[in-house]
Amino acid sequence: MSEINTKQVAPLGWIASTWFAMGIPFIALSSTAGIMYHSFEIPDEEVAFWTSFIMLPWALKFLWGPLLEMFKTKKYFVYVSQFFLGVLFALVAVSIISDRFFGLSIGLFTAIAVSAATQDLAADGIYINELNKFQQQQFIGWQAVFQQLAKAIFGSALVFLAFQLEEVYGLKIAWMSVMLIYAVTMIALGVISVNKLPTGGDAVHAVESAPEAIVIYRDVLLQFLKKKNLWIGLVFIFLYRLAEAQVVKIAPLFFKASRMDGGLGIDKADTSFIFGVIGIIAFVLGSLASGYFVASKTFNRKTLLILCAVMNIPLLVYSYLAITQPVDELPIMLLIAVQQFCYGFGLLALVYYILQEMAPGKYQLAYFGFAAAAMHFAFIIPGMFSGYLSEYMGYYEFFIWVIICTIPAFVMSATVPLSNAAEPTAS
């Protein structure tokens with residue numbers, strides 16, 4: 001299939017369709033799959049283990065990122081991945097009628113995760129190669145907008161549809177229908193990508209044999225490891241997320257916990273609404289505002305410190321709530337809306353940092369993939385221990401601990417080496 005030259009397409013157009021497409025398989029595997037398995041009465045322990053397992057390719061995608069620098073164009077990998085995702089979702093739908101449904105679907109979902117992670121890598125490569133620094137900063141917030149929109153439509157909305165279909169047509173038909181909707185949507189988005197996506201550039205170093213590919217892969221890795229200030233940059237990424245990664249895991253549990261246990265005693269439905277609706281809307285608006293803020297100011301020491309402060313200082317909200325344990329939910333919702341807006345605003349500092357300090361070079365897509373993996377693990381690792389800490393300390397002491405954990409983020413933001421960002425020009 002020939003690739004159409006699409007440089008005349010406005011960036012927001014292809015960003016909208018591509019990041020919308022990136023949100024669909026992620027929400028399908030991170031949320032919808034688990035709900036589907038519960039509907040089929042798969043044991044909880046199996047659901048918990050395998051739905052965590054199928055998410056691993058997003059954390060490990062950096063391993064095959066260098067391969068995308070050796071073949072075809074970034075656009076090719078995006079639309080081929082999307083077509084393949086459509087076929088795989090259709091096969092999941094077919095597997096539902098099988099006696100071996102659970103095993104087959106887990107295998108297919110794992111393949112979906114690999115394809116989706118490849119789509120994400122290639123899309124990031126297009127974004128980096130096609131947009132100048134000003135545009136990269138300006139449109140980062142829009143990525144979150146379209147990803148979250150996809151998650152809302154193809155997460156909770158499709159689950160609601162499945163429950164409605166169950167009552168009329170039965171369990172299997174309901175979930176087959178949902179998986180077929182995923183399939184048709186991904187194929188349609190693949191068609192849009194063929195016609196709208198810019199190429200993202202040809203292969204940086206085309207290869208013709210496996211030994212040559214190994215040599216180039218080694219070169220990509222070595223060039224990344226030789227980057228100036230790499231290790232202090234990785235420490236910065238980890239410490240910048242140290243407080244936030246712990247709060248994200250514990251805050252909803254704190255809201256649902258009884259007042260006797262130090263929580264707020266808010267029921268599950270209201271907690272879900274506060275974080276799943278109000279929180280997401282505020283986070284998206286914060287991300288959008290962050291993109292335009294940094295594009296207008298450039299990414300330098302001053303803006304980094306502002307972003308760090310905006311993200312971390314509002315975490316004091318949770319200490320306040322733990323101390324006062326207010327009853328009225330409206331002020332609580334307003335406080336969380338402000339905190340989530342600031343969270344979305346400040347978290348993007350890491351993406352700006354990666355784009356400016358780590359991604360530039362011969363193999364930009366691969367470099368971005370390596371750094372993005374570090375950002376992902378910086379979220380996972382503190383979150384893994386946050387439950388034990390909150391249980392041991394209690395919610396109030398835990399949120400004080402979180403505030404202490406913001407100090408390294410400020411120290412690193414003030415000291416991490418930055419190449420001086422010249423003022424970007426809107427071109």
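**Close-up 1. Ser-95 in helix 4 of the predicted model.** Ser-95 is placed in helix 4, which spans residues 74–95; helices here are DSSP runs of H or I of at least four residues, numbered from the N terminus. The model is a predicted one, in which local features need pLDDT of at least 70 and side-chain atom pairs count only at pLDDT 80 or more, while totals for chains, interfaces and linings use all residues. Residues are numbered from 1 along each chain as its sequence is written, and side-chain values use heavy atoms, with hydrogens and water left out. Ser-95 counts as buried because its relative accessibility is 5%, where buried means under 20% relative accessible area, exposed means over 50% and partly exposed lies in between, with a 1.4 Å probe and protein chains only. A polar atom of the Ser-95 side chain lies 2.6 Å from the backbone oxygen of Val-92. When residues up to four places away in sequence are not counted, Ser-95 touches Phe-101, Leu-104, Ser-105 and Leu-108, contact meaning heavy atoms within 4.5 Å.

**Close-up 2. Ala-93, also placed in helix 4.** Ala-93 is buried, since its relative accessible area is 1%. Apart from its neighbours within four places in sequence, Ala-93 is in contact with Met-176, Met-179 and Leu-180.

**Close-up 3. The crossing of helix 1 and helix 6.** Two packed helices are described by the angle between their axes and the distance between the axes. The axes of helix 1 (residues 11–39) and helix 6 (residues 133–169) come within 6 Å and cross at roughly 35 degrees; the axes are lines fitted to C-alpha atoms over the stretch in contact, and angles run from 0 to 180 degrees between N-to-C directions. Helix 1 passes helix 6 in a right-handed crossing, a term used when the near helix is turned clockwise from the far one by less than a right angle. By class, the contact of these two helices has 20 nonpolar, seven polar and two charged residues, with Ala, Val, Leu, Ile, Met, Phe, Trp, Tyr, Cys and Pro counted as nonpolar, Asp, Glu, Lys and Arg as charged, and the others, Gly among them, as polar.

**Close-up 4. Phe-163 in helix 6.** With a relative accessible area of 37%, Phe-163 is partly exposed. Residues touched by Phe-163, not counting those up to four places away in sequence, are Ile-35, Ser-39 and Trp-175. The C-alpha atoms of Phe-163 and Ser-319, which are 156 residues apart along the chain, are separated by 38 Å.

**Close-up 5. Phe-255 and the largest nonpolar core.** This core has 133 residues, of which Tyr-37, Phe-109, Met-179, Tyr-240 and Phe-255 touch the most other members; a nonpolar core is a set of buried Ala, Val, Leu, Ile, Met, Phe, Trp, Tyr and Cys residues joined through side-chain atoms within 4.5 Å. Helix 5 (residues 101–130) contributes the largest share of the core, 15 residues. Among the residues that Phe-255 touches, not counting those up to four places away in sequence, are Leu-264, Ile-266, Phe-275, Tyr-318 and Ile-336.

**Close-up 6. Leu-315 in the loop between helix 12 (301–312) and helix 13.** Leu-315 is buried, with a relative accessible area of 3%. Leaving aside neighbours within four places in sequence, the contacts of Leu-315 include Ala-243, Glu-244, Val-247, Gln-339 and Thr-406.

Close-up 7. Most residues other than glycine have a negative phi.

**Close-up 8. Gln-356 in helix 15 (residues 349–358).** Gln-356 is buried, as its relative accessible area is 12%. A polar atom of the Gln-356 side chain lies 3.2 Å from the backbone oxygen of Ser-419.

How values were computed:
Helices (H or I, at least four residues) and strands (E, at least two) are DSSP runs, numbered from the N terminus. A polar contact is a pair of N or O atoms within 3.5 Å; within protein, one must be able to donate a hydrogen and the other to accept it, and residues adjacent in sequence count only if both atoms are side-chain atoms.
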